[in-house]
Amino acid sequence: MNDVVAELERRYPPVWAEEWDRVGLVLGEPDAPVRRVLCVVDVVPETVAEALAAEADMIVSHHPLLLRGVSSVAPTTFKGRIIHQLIRAGVALYAAHTNADVASPGVSDALAARFGLTGLRPLQRPAPGSPAHGDDRGFGRVGELPEPMTLAELTRHAAAVLPVTSWGVRAAGDPGRMVRTLAVSGGSGDSFLGAATAAGVDAFLTADLRHHPAGEHLAADGPALLDAAHWATERPWLDDLAALLREAPGVETLVSDLDTTRGPCTPPHPLWTTRSPDREG
Ligand SMILES: [Zn+2]
């Protein structure tokens, strides 16, 4: 595992993570051999089951399983059950979260690549003096679309180039508005609405936009908004992550395509089923 962790920490140094974040090795023996790694956005029972079925030795996740303090990992709790399953099966767990968001290339580069954006620059750079500050690092990316298109066309295009979820892609703004420059931010990008306006882009695509901030942003003539499923905006990065991990000797990688539209990045919300929209039938 040491080789895998070395690759991860070369590209995504843990010190680049936000202060509130919790990244790095969550569980597993650092000296244990790792032959197969499953890359996931979320550590949930479904992705743990995938890892066990694939006989993976390690899971690398985007979202930390343990973000807030816990006083018990009893198997009667949601996360304790997961921890017990992983330890019992000898599967290690590692998280690269905001340190992978801010890296260059990072999570939003993979999202930008789905749109073929060129001339990329960060949407929001880390504060000067913070460990992540420097080079082209930062949250979100801003770039030019290969061809200008209307917001309505871009919304359909986004649904076609992003992983499919029942959440789909929602847009707010004038459907006929021409979009040339686009900002994207993987995950909850609510806090970057002001940065998108300051960047002077025509549209901003992210996840977990809320009614009031989005409405106020549009009322102030901000860029048009596109809201995709949280998972769909971060899933593209898993391919980059897998390619990175394959640089460790003797390691093969798998990528989870299980839509887990929920997770620790977002406030708890009701569990909606994203894979079986016909479940009431
Ligand atoms: Zn996220």
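Helix α5 is mostly covered in this predicted model, with six of its eight residues buried; a residue is taken as buried if 20 or more other C-beta atoms lie within 10 Å of its own, as exposed if 12 or fewer do, and as partly exposed in between, with C-beta atoms placed from the backbone. Helices (H or I, at least four residues) and strands (E, at least two) are DSSP runs numbered from the N terminus. The buried residues of α5 are V107, S108, D109, A110, L111 and A112. Their cover includes α4 (98-102), β5, β6, β8 and α9. After α5 comes G116, with a positive phi near 65°.

Residues are numbered from 1 along each chain as its sequence is written. As the model is predicted, local features need pLDDT of at least 70 and side-chain atom pairs count only at pLDDT 80 or more, while totals for chains, interfaces and linings use all residues.

The axes of α5 (residues 107-114) and α9 (residues 230-245) come within 7 Å and cross at roughly 105°. Axes here are lines fitted to C-alpha atoms, for helices over the stretch in contact, and angles run from 0 to 180 degrees between N-to-C directions. On the α5 side, V107, A110, L111, A113 and R114 take part, and they meet T233, E234, P236, W237, D239 and D240 of α9; contact requires C-beta atoms, placed from the backbone, to lie within 7 Å. The residues of this contact comprise six nonpolar, one polar and four charged. In this scheme Ala, Val, Leu, Ile, Met, Phe, Trp, Tyr, Cys and Pro are nonpolar, Asp, Glu, Lys and Arg are charged, and the others, Gly among them, are polar.

The axes of α2 (residues 45-53) and α3 (residues 78-89) come within 11 Å and cross at roughly 10°, so α2 and α3 are roughly parallel to each other. Here P45, V48 and L52 of α2 meet I82, Q85, L86 and A89 of α3. The contact of α2 with α3 has six nonpolar residues, one polar residue and no charged ones.

Turning to the strands, an open sheet is formed by six of them in the order β5-β6-β8-β9-β10-β7, with mixed pairing; strands pair if DSSP finds at least two bridges between them. At the edges lie β5 (118-124) and β7 (169-172), each of which pairs on one side only. On average, neighbouring strands of the sheet are turned by 30° against each other, direction ignored. Within the sheet, β6 (residues 139-150) and β8 (residues 178-188) run antiparallel and are joined by six bridges, and V142 stands opposite A183 in β8. Helix α6 (residues 151-161) packs on this sheet, where α6 touches β6, β7, β8, β9 (203-207) and β10 (224-228), and the direction of α6 makes about 115° with that of β6.

Strand β4 (residues 92-95) is covered on both faces, with A92 and Y94 buried on one side and L93 and A95 buried on the other. Three bridges link β4 to β1 (residues 24-27), and these two strands run antiparallel; G24 is placed opposite A95. With β3 (residues 58-61), β4 pairs in the parallel sense over four bridges, and I59 has L93 as its bridge partner. The loop between β3 and α3 holds V70, which counts as partly exposed because it has 13 C-beta neighbours inside 10 Å. V70 and V201 lie 131 residues apart in sequence and 41 Å apart in space, C-alpha to C-alpha.

At the level of the whole protein, there are domain 1 (2-99 + 235-255) and domain 2 (101-233), with bounds that come from an automatic or database domain assignment. The centres of the two domains, taken over C-alpha atoms, are separated by 27 Å. Their contact takes 13 residues from domain 1 and 15 residues from domain 2. On the side of domain 1 that touches domain 2, the elements giving two or more residues are α4 and α9, and α9 gives the most, with five residues. The residues of that side divide into six nonpolar, three polar and four charged.

Terms used:
Two residues are in contact if their C-beta atoms, placed from the backbone, lie within 7 Å. Angles under 35 degrees count as roughly parallel, over 145 as roughly antiparallel, 65 to 115 as roughly perpendicular and the rest as oblique.
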